[in-house]
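Visitor: I would like to learn how to read a structure like this one. Please take me through it feature by feature.

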Amino acid sequence: MSTVAASRTDDVLRRLTLPEKADLLGGADFWHTAAVTRLGVPSVMVTDGPHGLRKQDTAGDHLGLTGSVPATCFPPAAGLASSWDVDLLTRVGEALGRECRAEGVAVLLGPGVNMKRSPLCGRNFEYFSEDPLLAGELAAGLVRGVQSQGVGTSLKHFAANNQETQRMTISADVDERTLREIYFPAFERVVRTARPWTVMCSYNRVNGVYASQDPWLLTDVLRGDWGFDGLVVSDWGAVDVREDAVAAGLDLEMPSSGGLGARRILDAVAAGTLAEADVDRAVRRVLELVERAAPGLAEPLTVDAAAHHALAREAATASAVLLRNDGILPLAPTGGTVAVVGEFARTPRYQGAGSSQVNPTRLDDALGCLRAELAGAREVTFAAGYDPESDEADEALVAEAVAHARAAEVVVLFLGLPASYESEGYDREHLDLPAAQVALLEAVAAVNRDVVVVLANGSVVAVEPWQELTRALLEGWLLGQAGGAATADLLLGRANPSGRLAETIPVRYLDNPTVGAFPGELGHVRYGEGLLIGYRWYDAHALRVAHPFGHGLSYTTFAHTGLALDVVTDGPTPVVDVRVTVTNTGGVEGTETVQVYVSDPAASVQRPEQELRGFARVRLAPGAAQEVVVRLDARAFAFWHTGFGRWTVEGGEFGVRVGASSRDVRLTATVRLTGEDVTPPLAPDSEVGEWLAHPVAGPALRDVIAGSPFEAMLDDPHNGQMMRAIPLVRLARFPGSPVPEASLADWATTANAQVSA
Ligand code: BGC
């Protein structure tokens with residue numbers, strides 16, 4: 001913030017009355033902050049998103065129930081994430097920022113970076129990944145793009161909002177290491193690297209405390225540890241006790257509570273239970289937000305809707321993932337009849353439901369686009385096949401589809417989740433496509449073996465065993481308003497698929513890490529799987545998956561060679577460069593996503609089998625090769641040490657795996673890093689075994705117990721193990737013990753000093 005703006009903020013703050021301050025800490029309505037006309041403080045508009053603008057003209061609601069102005073509908077996060085393309089996300093962000101500028105919007109309410117803990121979370125379509133690094137990198141790109149246009153973002157929903165069931169009350173019970181390593185890092189990365197103007201707290205409780213009034217979350221971690229300097233806004237209606245929320249670090253309550261929040265703030269200040277300084281701190285952040293937004297709001301931009309549609313098409317093309325292909329794709333430009341089957345080809349499902357629902361500027365459908373592209377070259381027939389909102393098979397529609405399939409050379413079958421299956425506000429009941437759609441596939445495949453399936457779904461669906469009936473399977477997620485054109489481009493080979501899965505597709509629901517612990521009971525959901533979500537779980541349990549995290553095919557092939565690791569910096573915060581050469585070994589231009597996973601095979605704490613720690617995309621002409629360098633910083637090797645209360649790299653050997661997916665590792669290498677010695681210092685209650693292992697104290701203890709019955713017990717092959725697990729201070733108290741309890745503290749001090757010297 002400029003010094004002029006800062007002094008203006010100081011000045012306004014000095015002149016505001018306490019009631020005016022309390023008013024400023026709540027919304028004026030659904031989408032606007034409060035104004036103080038007397039002092040020239042304007043009201044600014046915040047609005048959803050985030051994959052398009054959802055600006056409601058008049059009466060609003062936050063559940064997507066009423067309409068909104070037309071805006072470009074980009075693919076939701078589930079799609080965008082599969083691009084693994086940070087630059088693309090930045091460009092989409094820039095376009096979103098421009099659309100906000102055109103509509104006088106100060107803050108776009110997104111992106112959401114909650115982890116996909118369960119594949120059944122109803123809002124997974126709005127979230128990026130099961131991996132925090134991927135989610136954080138992509139969301140940071142989007143935030144940078146939006147904010148480069150002078151428009152703010154709201155990173156949400158902080159934190160541990162991983163389900164919709166009881167989303168406004170449930171307590172997510174998560175241990176600290178899991179929060180720090182899995183549920184926080186995407187937020188942390190965006191806060192540190194892209195500096196979002198605002199962060200939105202989640203509805204739920206974390207370990208019993210409402211996120212909206214948790215000082216550890218909103219102040220200690222967010223501001224203290226990560227240096228967040230923006231405003232914290234409540235999710236819509238997330239505030240429980242307004243005065244506690246102010247004290248905890250929640251600045252702005254949205255939407256308007258009709259003056260109730262302000263009343264509670266005033267009463268608490270009067271009663272001395274809320275410090276006026278806490279109120280001032282929050283008011284300052286509201287004023288700073290309004291100042292930050294002012295230049296953008298003063299200069300509206302115009303939007304080139306056609307250019308944004310073209311960008312939406314590029315984004316959709318990059319978001320689809322080719323899961324299987326025996327060579328049937330791309331479809332030849334000329335040849336026999338193509339039977340397009342499935343209502344979703346004509347009536348696309350292109351976004352999810354709820355507060356993020358966008359009113360698109362136009363809408364492409366795959367059927368129309370395929371027909372246009374193949375006009376005069378291949379006949380395209382169409383049969384609806386099913387009613388998207390019904391689970392029951394419609395025999396007449398099936399019969400028509402079968403007839404089309406029988407008469408065609410190839411069938412392109414569009415399947416997917418009905419809109420009612422996934423939405424904000426509730427979770428999915430199962431992982432399956434409607435049974436009627438699977439039955440349709442079986443009926444079609446019985447008369448024509450050349451079946452390509454295109455999926456539309458905001459979160460994972462089970463693809464086994466039916467995928468065996470397909471010759472190719474294109475996972476389209478939800479592709480936004482230009483998804484139809486993008487799908488046609490990919491099917492016809494006008495574009496080469498480059499998407500990679502940002503979430504694992506398990507063989508069956510029962511394999512997933514949250515079975516039995518989702519969506520919780522009695523107001524609590526225990527994150528018992530800890531660090532092991534997504535591929536971390538499937539790897540730990542050596543489970544076969546239908547398609548692994550990071551997987552995605554191309555119409556060309558790539559070779560990875562020459563892996564080299566350069567230790568740029570050693571010591572407690574190491575930096576390592578990973579170098580690898582990628583060659584396009586196929587016949588068409590294509591993009592490879594090089595994925596770098598790190599493993600820590602010998603560690604003093606649980607470490608996942610491997611974790612994504614870096615990635616890079618490289619676009620190559622046939623035959624071309626390029627060296628890719630992925631830099632791994634200390635965090636790539638660190639774990640959150642709950643004893644130290646900080647990130648720690650434990651010295652030793654690490655594995656570095658480079659591949660095309662988490663299960664398609666092409667090259668491996670190891671690197672030895674000095675890191676830190678994490679052996680805990682000796683204390684009187686350290687176990688006998690720990691004392692004996694100590695280079696100084698061990699031999700000394702041996703001398704003390706030499707000749708006593710304890711020595712024999714210690715060396716006994718069976719009892720010895722039991723003896724070593726006894727805290728030395730307890731052993732000292734056993735009858736006949738030669739160990740003097742009174743000396744232990746001194747011994748520990750001396751031993752620890754000698755080792756660290
Ligand atoms: C959602 C948020 C959204 C807000 C405003 C809430 O119900 O959880 O993601 O930004 O409404 O519409």
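Visitor: How many residues of domain 2 are in contact with domain 3?

Guide: Contact means heavy atoms within 4.5 Å. By that rule, 12 residues of domain 2 touch 19 residues of domain 3. This is a predicted model: local features need pLDDT of at least 70, side-chain atom pairs count only at pLDDT 80 or more, and totals for chains, interfaces and linings use all residues. Residues are numbered from 1 along each chain as its sequence is written, and side-chain values use heavy atoms, with hydrogens and water left out.

Visitor: Next, the core. Which residues have the most contacts inside the largest nonpolar core?

Guide: Start with burial: buried means under 20% relative accessible area, exposed over 50%, partly exposed in between (1.4 Å probe, protein chains only). A nonpolar core is a set of buried Ala, Val, Leu, Ile, Met, Phe, Trp, Tyr and Cys residues joined through side-chain atoms within 4.5 Å. The largest one here has 118 residues, and the most contacts inside it belong to L16, L24, V92, F128, F158, W236 and L612. Helix 5 (residues 132-147) gives the largest share, nine residues. Another core, of 72 residues, lies apart from it, with I328, F382, L490 and I505 among them.

Visitor: What is L612 in contact with?

Guide: Leave aside its neighbours within four places in sequence. L612 then touches W84, D131, L133, L134, Y535, F549, Q595, V596 and Y597.

Visitor: Now strands. Is strand 14 buried or exposed?

Guide: Helices (H or I, at least four residues) and strands (E, at least two) are DSSP runs, numbered from the N terminus. Strand 14 covers residues 410-416. Seven of its seven residues are buried, so strand 14 is largely enclosed by the rest of the structure.

Visitor: Which way do its residues point?

Guide: In a regular strand the side chains alternate between the two faces of the sheet. In strand 14, V410, V412, F414 and G416 point one way. V411, L413 and L415 point the other way, and all are buried.

Visitor: Which strands pair with strand 14?

Guide: Two strands pair if DSSP finds at least two bridges between them. Strand 11 (residues 338-341) pairs with strand 14 in the parallel sense over four bridges. There, A339 stands opposite V411. Strand 15 (residues 451-456) is also parallel to strand 14, over six bridges. There, L413 stands opposite V453.

Visitor: What do strand 14, helix 16 and strand 15 make?

Guide: A crossover is right-handed if, with the strands pointing away from the viewer, the path from the first strand over the helix to the second runs clockwise. Strand 14, helix 16 (residues 435-447) and strand 15 make a right-handed β-α-β unit.

Visitor: In what order do the strands of the open sheet run?

Guide: Four strands form it, in the order 8-7-5-18, with mixed pairing. Strand 7 (residues 205-206) runs antiparallel to strand 8, joined by two bridges. In one of these, R205 has Y210 as its partner.

Visitor: How many disulfides does the rule give?

Guide: A disulfide is a covalent bond between the sulfur atoms of two cysteines. The rule is a pair of cysteine sulfur atoms within 2.5 Å. The count is zero. The sulfur of C100 lies 14 Å from the closest cysteine sulfur, in C73, so it is too far for a bond. C201 is in no disulfide either; its nearest cysteine sulfur, that of C121, is 17 Å away. C100 is buried at 0% relative accessibility, and C201 is buried with a relative accessible area of 0%.

Visitor: Last, the backbone. Where are the cis peptide bonds and positive phi values?

Guide: Most residues other than glycine have a negative phi, and most peptide bonds are trans. The bond from G49 to P50 is cis, with omega near 10 degrees. P50 sits in the loop between strand 1 (46-47) and strand 2 (70-71). Another cis bond joins K156 and H157, with omega about -10 degrees. H157 lies in strand 4 (residues 152-158). R195 has a positive phi of about 45 degrees, and is partly exposed at 41% relative accessibility. W477 has a positive phi near 45 degrees, but is buried at 1%.
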